[in-house]
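The questions below ask what lies behind a few of them.

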Amino acid sequence: MKTPTALMALIEDGVIDAVLRPLKSGKEAAVYLVRSGDHVRCAKVYKDMAQRSFQQRVQYQEGRKVRGSREARAIGKATRYGRRQQEAEWKNTEVDALYQLRDAGVRVPEPHGFFHGVLVMELVVDADGSPAPRLGEVELGPEVARAFHGVLVRQVVRMLCCGLVHGDLSPYNVLVGADGPVVIDFPQVVSAAGNNAARRMLLRDVNNLTAWLGRSAPELLDTWYGEEMWALYEAGALASDTDLSGHFEHDAHEADVEGVRDAINEARDEALIRQQGREAAELED
């Protein structure tokens, strides 16, 4: 395998010793297994903006802080420099979120640094020591599905208590590690207080997980954890250890309960379509 140019700089700087093999590749980034001393880790190499397919970035970037006034002006004017800065901020957002969430006890891979635009982080492994599969690639029994749902809802709560919403959470952004689910992929993370679409994204995140795990444990489809945690968050009453019931009283004048249920079913279908798209992208790469 030819060593990617982006990783050569890390080898030359002594950050990593060798690139072992590709792990996965998508439209946004390619992930490689690398050796660093006695450790095997992941290196996430972001693809050039022209190669990347993530749509509606403006929606995700609302409420984000730009590091300097010059950069903010350039991004606003969409100059060449501004586009480069916007791309850099997109990558930095994931790095910053990983460190923040890891410190807050959220189950995310441990970051080991950001070098030359490459994110080096922990390799999440399964019980056999192999790279962990994605949640959307495994079949679960009802008991495990319920347990995983509880763990993942707690991670969403902890993220929200940090003021963050994942924004693209699905069975394919969760790894099944040896000790349970681990959440990955944060470049699109949004500010809960600063983004007008944060509530909708949070409900979509929770609905995506509920729809998938509800295939194995159908009773989960009758829960409303997203609505419950957001109401507590807005009231300033949500803590990382708040006990949630999954019950929520909807205001019939403000909420379309059947519409939300339809959204859960649509999320299930979307998850399957996205998996097919990822598989097709990996074949292309």
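Q: What makes lysine 44 count as buried or exposed?
A: Lysine 44 has a relative accessible area of 5%, and buried means under 20%, exposed over 50% and partly exposed in between, with a 1.4 Å probe and protein chains only; lysine 44 is therefore buried. The model is a predicted one, in which local features need pLDDT of at least 70 and side-chain atom pairs count only at pLDDT 80 or more, while totals for chains, interfaces and linings use all residues. Residues are numbered from 1 along each chain as its sequence is written, and side-chain values use heavy atoms, with hydrogens and water left out.

Q: How do you know that aspartate 185 and lysine 44 meet in a salt bridge?
A: The N to O distance is 3.0 Å, and a salt bridge requires a side-chain nitrogen of Lys or Arg within 4 Å of a carboxyl oxygen of Asp or Glu, so the pair qualifies. The two residues are 141 residues apart, with aspartate 185 in the loop between strands E8 and E9 and lysine 44 in strand E3.

Q: What makes H5 roughly antiparallel to H6?
A: The two helices pack at an angle of about 170°, and angles under 35 degrees count as roughly parallel, over 145 as roughly antiparallel, 65 to 115 as roughly perpendicular and the rest as oblique, so H5 is roughly antiparallel to H6.

Key: Axes are lines fitted to C-alpha atoms, for helices over the stretch in contact, and angles run from 0 to 180 degrees between N-to-C directions. Helices (H or I, at least four residues) and strands (E, at least two) are DSSP runs, numbered from the N terminus.
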